[in-house]
Amino acid sequence: MKIHEYQGKELLGRYGIPVPVGEAAMSVDDAIAAVPRVQKQSGVDTVVVKAQIHAGGRGKGGGVKVARSREEAEKAIRAIFGMNLVTHQTGPEGKKVQRLLIEQGLEIEKEYYLGLTLDRSAGRVTIMASAEGGMDIEEVAARSPEKILKQALHPALGYQAYQGRLLGFGLGLGKQQVSQFAKILGALCRMYDEMDCSLVEINPLVTTKDGRVLALDAKINFDDNALDRHPELSDWRDLSEEDPSEIEAKKYDLSYISLDGNIGCMVNGAGLAMSTMDIIQHYGGQPANFLDVGGGATTEKVTAAFKIITKDPAVKGIFVNIFGGIMKCDTIASGVIAAVKEVGLSVPLVVRLEGTNVELGKKLLQDSGLNLHAAADMADGAKKIVELAGGK
């Protein structure tokens with residue numbers, strides 16, 4: 001689950017991490033009214049108008065503007081609110097700006113990058129920091145990975161103050177700023193753990209000309225599997241920023257992620273789903289989704305999954321690849337038949353079934369009258385669907 005920058009900063013503030021004075025607004029009028037309040041509370045006339053979408057690169061896309069007066073602020077607010085903001089993370093379709101953050105302007109001395117996430121190769125939560133923070137941090141990581149400093153957290157001991165000092169001095173911070181940085185990092189690590197985060201990024205973390213260290217941005221993602229432990233986060237979910245198909249899939253407890261290809265996949269088991277996507281690509285195709293119906297799916301769930309796949313206009317073919325263990329092949333067959341009868345089938349369908357009740361499942365499909373192609377095995381199925389979808 002992702003949240004907006006202004007929500008992330010509210011959470012940072014709860015953990016004692018310094019952030020600029022700011023106020024979120026859900027309309028042009030609210031944003032204009034917020035400007036004098038932010039100016040008064042911060043004691044400075046300069047404000048920054050920031051688009052709130054679930055994507056990075058907002059500044060380069062024109063979604064962040066500095067205003068040195070109320071008149072400039074109003075002009076920026078009217079320009080940004082409602083715009084279709086296109087960044088390198090939104091794709092060419094962009095995202096409509098429906099929320100703004102009005103924030104105090106700061107006299108920035110230098111920008112840094114600070115992040116926490118799970119390094120799966122090391123099996124540990126890892127702190128990443130760089131003295132080259134800002135809009136081009138991805139390029140820094142690709143071009144000069146040695147400029148990304150790292151410290152792994154011990155699974156039992158957690159964050160240690162010396163790690164903050166090592167990173168702080170490694171970034172070139174002064175003694176007083178290193179002390180502030182180490183405290184910020186300690187609070188950030190505690191928040192990551194207590195809130196079941198999957199990613200925390202402050203980009204940029206800034207030092208100001210008066211010697212302060214503040215979080216100028218906040219990107220926070222939470223582990224979906226732990227959301228039951230944090231019911232207070234449900235109010236922060238912005239469904240308008242999420243893929244409608246993924247929202248629909250969650251209603252049926254389906255694991256679904258939209259991708260950019262043209263071959264829809266319905267698979268049971270995350271490992272088999274990954275292998276299915278790999279073998280589709282091996283034969284020259286591109287998967288349109290990751291969809292794991294799980295081991296205990298019902299006919300209703302399978303029907304819902306099939307509907308979600310067929311709603312994607314980019315899908316030119318569907319590959320159902322099921323190895324029946326707990327999941328029975330006849331359940332999959334019944335769900336596919338029910339879905340096709342309800343929504344129709346205008347693209348090729350390849351089905352590979354193996355495992356529990358496989359013969360019953362195959363008979364149900366054969367007797368259904370559906371226009372489908374049976375696959376002898378996984379490779380055969382992948383090759384067939386790529387050819388039928390026009391891949392090779």
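The model is predicted: local features need pLDDT of at least 70, side-chain atom pairs count only at pLDDT 80 or more, and totals for chains, interfaces and linings use all residues. Residues are numbered from 1 along each chain as its sequence is written, and side-chain values use heavy atoms, with hydrogens and water left out.

**Helix H12**

- H12 spans residues 378-388. Helices (H or I, at least four residues) and strands (E, at least two) are DSSP runs, numbered from the N terminus.
- Its buried residues (under 20% relative accessible area, 1.4 Å probe, protein chains only) are Met378, Gly381, Ala382, Ile385 and Val386.
- Seen down the axis of H12, these residues fall within an arc of 125 degrees, so they line one face of the helix. The arc is that of the directions from the helix axis to the C-beta atoms.
- The buried residues of H12 pack against strands S14 (263-267), S16 (317-324) and S17 (349-355), and against helix H8 (270-282). Contact means heavy atoms within 4.5 Å.

**Ends of H12**

- Asp377 caps the N-terminal end: one of its side-chain oxygens lies 3.3 Å from the backbone nitrogen of Ala379.
- Gly390 follows H12 and has a positive phi, near 90 degrees.

**Second largest pocket**

- The lining of this pocket has 20 residues. Leu118, Val125, Tyr192, Asp193 and Cys197 lie nearest its centre.
- Strands S7 (108-119), S8 (124-130) and S10 (197-208) and helix H6 (175-194) each supply at least two lining residues. H6 gives the most, with 4 residues.

Terms used
Buried means under 20% relative accessible area, exposed over 50%, partly exposed in between (1.4 Å probe, protein chains only). A polar contact is a pair of N or O atoms within 3.5 Å; within protein, one must be able to donate a hydrogen and the other to accept it, and residues adjacent in sequence count only if both atoms are side-chain atoms. On a 1 Å grid over the protein atoms alone, a cavity is a set of points where a 1.4 Å probe fits but cannot get out, and a pocket is an open set with protein on both sides within 12 Å along at least five of seven lines; lining residues have an atom within 4 Å of a point.
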